[in-house]
Amino acid sequence: MGAAGSKLEKALGDQFPEGERYFGLENFGNTCYCNSVLQALYFCVPFREQLLEYYANNKNIGDAEENLLTCLADLFTQISSQKKKTGVIAPKRFVQRLKKQNELFRSYMHQDAHEFLNFLLNELVDILEKEAQAAKSDPETSSPTEKTANGPKNGQLNGVRKEPLVTWVHKNFQGILTNETKCLRCETVTARDETFFDLSLDIEQNSSITSCLKNFSSTETLNAEDKFFCDKCCSLQEAQKRMKIKKPPHILVIHLKRFKYIEQLGRYKKLSYRVVFPLELKLSNTVEDADIEYSLFAVVVHVGSGPNHGHYVSLVKSHNHWLFFDDENVEMIDESAVQTFFGSAQEYSSNTDHGYILFYESLGASNKS
C-alpha cells in the first residue's frame, strides 16, 4: 500500500491526527469479513484504549496461554505503535487463532461479518471473566488483570444467584432490553429483561433506522393460539407485548437483517432495500422515554448480490474524517459518500454495496473519536 498510503497522508496533510494510525489489513483468502469488523472495532476508541491498556498490563505475565483476546490486543498494539502513519499489517496470528478456536471460520467460504462480531465479543467476555475469577481465587495473581477485566468491584450484586462480572466489553457494548407483556383482562404487566451486544433489526424497502427501531418496539397483540398464560388470572389470556430498550449501551451496534430465508425459493436472499442510517441518531424507544443521542462512527458494508458470496469493506469516522477500508487499501472519502451505502430504491440495481452493521457511539461519552 506504499502509493495508497502516501496518497492518504497527502490527502490529510497537516490534518493528519496526532498519534493516529491508518493501516490496511492483509486478506488471507476470504477474511474480509474479519478485517472489516476489526477496523470498526479499532476505531471504537474506548474499546481500543481498554484493549491497549489490557495489553500493557498483561504483556509481562510470561508464557500465558494465547487466546483471541491476547491476539487482538497484540494486533491493536502493533497498529497503534507503528512508526509509519499508514501501511499494511497482516493479522496472521489473530486469524490463525480464530480458525483454531471456531471451525465455522476455518473454510475459505464466504463468512458472515455479524456472526464473527457476535462470536468475538462473547469470546472476549468469556476470557475476561475467567481471568477475573482466577485472579480472585489466587491472591498472588497480579491485580491488573482483575482490575482491567472487571472494572470497579461493585459490578457484582449480592443475592442468591451469582451475578456475572461486568467486564469492559460489557461496559462498551451491553444494553438491556425489557420484554413487557400486559394481560388485557387484569392489566398486570409482566416484564422480563435480557441483555444484548447488538440489535438485529428487520428492514423494509425505503425505510430508515428510526422506523426500523419503532417497528422493533411496536406493540403486538397475542390472541387466538398465541394467548399468554397470565399468572394472576391463572389462565390463557389475550395480551399485548412489546420490547423496549431499558438501558441503552454506550456503543450501539445495529445489525440490519439483509439476509432473509425465502420459503418459495428454499434459500436465503439478500435484501438490497434502501435503509437510511443517519450520522446522528436519536434513540427514543427507551423505558425512560428520554432521547439519547448517538453519532455514527463505523459501518460494515456487504458488497454483492447474494448471501453466499461477496465482499466486506468498512467505513470509519476518525477525528472528523471518513475513511474507506478495503482489506489492504485505505482511502479518504467525503462524508456525503456514506449515503451511497443506504441501499437501492429499486429491487434490481447495479449498486450492491449496502450498510450491514452500524456502530454508533453515545454522545454522552467521555471518549470521542
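Modeller: The charged end of R48 sits over the ring of Y42, 4.0 Å from its centre. R48 also lies over the face of F43, at 5.4 Å from the ring centre. A charge sits over a ring here if NZ of Lys or CZ of Arg is within 6 Å of the ring centre and within 35 degrees of the ring normal. This is a predicted model, in which local features need pLDDT of at least 70 and side-chain atom pairs count only at pLDDT 80 or more, while totals for chains, interfaces and linings use all residues. Residues are numbered from 1 along each chain as its sequence is written, and side-chain values use heavy atoms, with hydrogens and water left out.

Y42 and F43 form an edge-to-face aromatic pair, 5.1 Å centre to centre with 80° between the planes. Rings of Phe, Tyr and Trp (its six-membered ring) pair if their centres lie within 6.5 Å; planes under 30 degrees apart count as stacked, over 60 as edge-to-face and the rest as tilted. The whole structure holds 19 aromatic pairs. Ring pairs join Y42 and F43 into a cluster with F16, Y22, F47, Y54, F76, W168, F173 and F325. Y42 counts as buried because its relative accessible area is 1%, and F43 is buried at 2% relative accessibility. Buried means under 20% relative accessible area, exposed over 50%, and partly exposed in between (1.4 Å probe, protein chains only).

Y42 is one of the buried residues of α2. That helix is mostly covered, with 11 of its 11 residues buried. Helices (H or I, at least four residues) and strands (E, at least two) are DSSP runs, numbered from the N terminus. S36 lies in α2, which covers residues 32-42, and S36 is buried with a relative accessible area of 3%. Apart from neighbours within four places in sequence, S36 is in contact with V300, Y312, V313 and S314, where contact means heavy atoms within 4.5 Å.

Helix α3 (residues 45-58) and helix α4 (residues 68-80) pack at an angle of about 105°, their axes 9 Å apart. α3 is therefore roughly perpendicular to α4. Axes are lines fitted to C-alpha atoms, for helices over the stretch in contact, and angles run from 0 to 180 degrees between N-to-C directions; those under 35 degrees count as roughly parallel, over 145 as roughly antiparallel, 65 to 115 as roughly perpendicular and the rest as oblique.

For the setting, the chain's secondary structure comes to nine helices and 20 strands. Buried residues make up 47% of its 369 residues. Of the contacts between residues at least 6 apart in sequence, 66% join residues at least 24 apart.
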